[in-house]
Amino acid sequence: MAMLAVLIPLLMLGAVLVLGRYEELLLPQENAGRREPADVPVPPASAAAAPSPAPAGTSAPSP
């Protein structure tokens, strides 16, 4: 019984690792080798296009 308590978790870990490698071989990522440089900041596109809303507590402008 003690041997099963030791072997079953090890076998399950091995199965998870094997399935992870199988998934990587079956579904390769297209841009896995290409990375962006870390020192170039990229501003979000939505922040530049959308105006910021009015602060809370201010009344809406009258028409």
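## A walk along helix 1

Start by selecting Arg-21 and Glu-24: their side chains meet in a salt bridge, with 3.1 Å from N to O. Keep in mind as you look around that this is a predicted model. Side chains of opposite charge can pair when their charged atoms come close.

Is Arg-21 buried or exposed? Color by accessibility and check: Arg-21 has 54% relative accessibility, so it counts as exposed, the cut-off being over 50%. Before you move on, how many salt bridges does a search of the whole structure find? The search turns up 1.

Next, select residues 2-26, which is helix 1. Those 25 residues stretch 37 Å from the first C-alpha to the last, close to the 36 Å expected at 1.5 Å a residue. The number of buried residues among the 25 is 0, so helix 1 lies largely in the open.

Now slide along to Leu-7, which is also part of helix 1. With a relative accessible area of 40%, Leu-7 is partly exposed, because that label covers values between 20% and 50%. Together with Leu-7, they make a nonpolar surface patch of about 530 Å².

Finally, zoom out to the whole chain. In cartoon view, look for 2 helices and 0 strands. What share of the 63 residues is buried? The figure is 0%. With the surface still on, you are looking at an accessible area of about 6500 Å² for the chain, and 69% of that belongs to carbon and sulfur atoms.

Conventions
Residues numbered from 1 in each chain as written. Predicted model: local features only at pLDDT ≥ 70, side-chain atom pairs only at ≥ 80, totals over all residues. Heavy atoms only, no water. Patch = residues over 30% accessible without salt bridge, like charges linked within 9 Å, V, L, I, M, F, W, Y side chains within 5 Å. Areas by Shrake-Rupley, 256 points an atom, 1.4 Å probe, with all protein chains shown as cover. Salt bridge = Lys/Arg side-chain N within 4 Å of Asp/Glu carboxyl O. Helix = DSSP H or I, 4+ residues; strand = E, 2+ residues; numbered from the N terminus. Buried < 20%, exposed > 50% of the residue type's maximum accessible area, 1.4 Å probe, protein only. Expected span 1.5 Å × (residues − 1).
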